Amino acid sequence: MRLVPVLLALTSLIWSASATPLLAKRASRTSPPSGAVVVRQSGTQSGEFSTVQAAINSLDSTSSKTIFIFPGTYNEQVSITRTGPLTIMGSTTNTADQKANSVTIQHSLSAAAAGSDDASGTFRVHKDNLKLYNVNIKNTFGQGSQAIALSAYGEDLGFYAVGLYGYQDTLLANEGHQFYGSCYIEGAVDYIFGQHARIFIHKSTIASVGAGAITADGPTSASDNSLFVIDSSSVIQSSAATSSLTGKVFLGRPWQQWARVAFVNTNLDSLINSAGWEEWSASMPNTEDVEFVEVNNSGPGSEGTRPSFAQQLDSDAGFTAADVLGDDWTSWVDQQYV
Ligand SMILES: *[C@@H]1O[C@H](CO)[C@@H](O)[C@H](O)[C@H]1NC(C)=O
């Protein structure tokens, strides 16, 4: 008779110990977890910060920290270089759904004005071990120059229900292993690009807002193992597009001749041109050594005659999360978003 309460107590102990670090997938999270550093734009209280950058600047360099951001549009450029593990969470009524995000960080800066792609980034990550949840990041510069929303350099970077908005070169995924789960990524030209990173974009929406190539991978040599995989996702025309993009969008073009990109188990809407992929340019095709792969995609954009430098494969071998991110990927990717 006494065994039942003991067992119950034991079960709840085990549950709370194992459940604490993970988020319940469809839960809301509208108040700060205990111990979090708090960002609140309006009605900032004692001990809180009114900007994201001020909260980051308050942290020591090495310990593990969490920042919680209350709803609002934060007009600032954010740069993170501290070495300690960092989790940043936006307030949301549904952690699983990017559309429910209530926190936006935005800034308008072109690469031409900033001096480099990275320097133009609204949110710049130069560190390992970052988890970012339920935040929208926008570079509002618009057309006319590269203008990066997220610039990501680092090992074991996880982005969960994050929205990235730009026009040319929205996401600079440049170094390290990076996971994007349930994200929304919008742009027109080369809007998922970088040189050395291995990235796995999973259960996400890729939305074109203008004509052009979605990806531009630019490994700098044959031994540079950069790889972009878009898996179990949807490629659509953004509702913000001002004219029909039917047939005007390509899965990728090679920034360098060793570009390596795969779309796997993904629905490709009619915006995708029947050729699927394109050369970098007529004078510099860069197609000699590319690995442009499609596996088991669906939708009207998955049909058509592809160029000889692209491949349609039957198996996703080489393009799974473990292949892209390494066998230890489950130790740092939040499995609620897999
Ligand atoms: C192929 O894609 C469909 C969705 O269109 C999915 O149901 C199926 O499991 C995929 N097959 C493999 C082998 O992954």
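N129 lies in the loop that links strand 7 (123-126) to strand 8 (130-133). In this predicted model, N129 has a positive phi of about 55 degrees although it is not a glycine. N129 is partly exposed, as 16 other C-beta atoms lie within 10 Å.

- N286 counts as partly exposed because it has 19 C-beta neighbours inside 10 Å, whereas a buried residue would need 20 or more.

**Annotated domain**

- An unreviewed UniProt entry carries the annotation "domain: Pectinesterase catalytic" for residues 37-304.

- An open sheet is formed by 8 strands, paired in parallel, in the order 3-6-9-12-15-18-21-24.
- Strand 3 (72-75) and strand 24 (267-268) are the edge strands; each has a single partner strand, so one side of each is left without a neighbour in the sheet.
- Within this order, strand 6 (residues 103-107) pairs with strand 9 (residues 136-139) in the parallel sense, over 4 bridges.
- I105 stands opposite I137, a residue of strand 9.

**The nonpolar core**

- The largest nonpolar core contains 96 residues.
- I69 and V229 are the residues with the most contacts inside this core.
- Apart from neighbours within four places in sequence, V229 is in contact with F200, I201, A262, V264, F319 and V324.

**An exposed loop position**

- S46 is placed in the loop between strand 1 (37-39) and helix 2 (52-57).
- S46 is exposed, because 4 other C-beta atoms lie within 10 Å of it and the limit for an exposed residue is 12 or fewer.
- S46 and Q168 are 122 residues apart along the chain, and their C-alpha atoms are separated by 40 Å.

How values were computed:
Residues are numbered from 1 along each chain as its sequence is written. This is a predicted model: local features need pLDDT of at least 70, side-chain atom pairs count only at pLDDT 80 or more; totals for chains, interfaces and linings use all residues. UniProt positions are given in the numbering used here, feature names are shortened, and annotations may be inferred rather than shown by experiment. Two strands pair if DSSP finds at least two bridges between them. Helices (H or I, at least four residues) and strands (E, at least two) are DSSP runs, numbered from the N terminus. A nonpolar core is a set of buried Ala, Val, Leu, Ile, Met, Phe, Trp, Tyr and Cys residues joined through C-beta atoms within 7 Å. Two residues are in contact if their C-beta atoms, placed from the backbone, lie within 7 Å.
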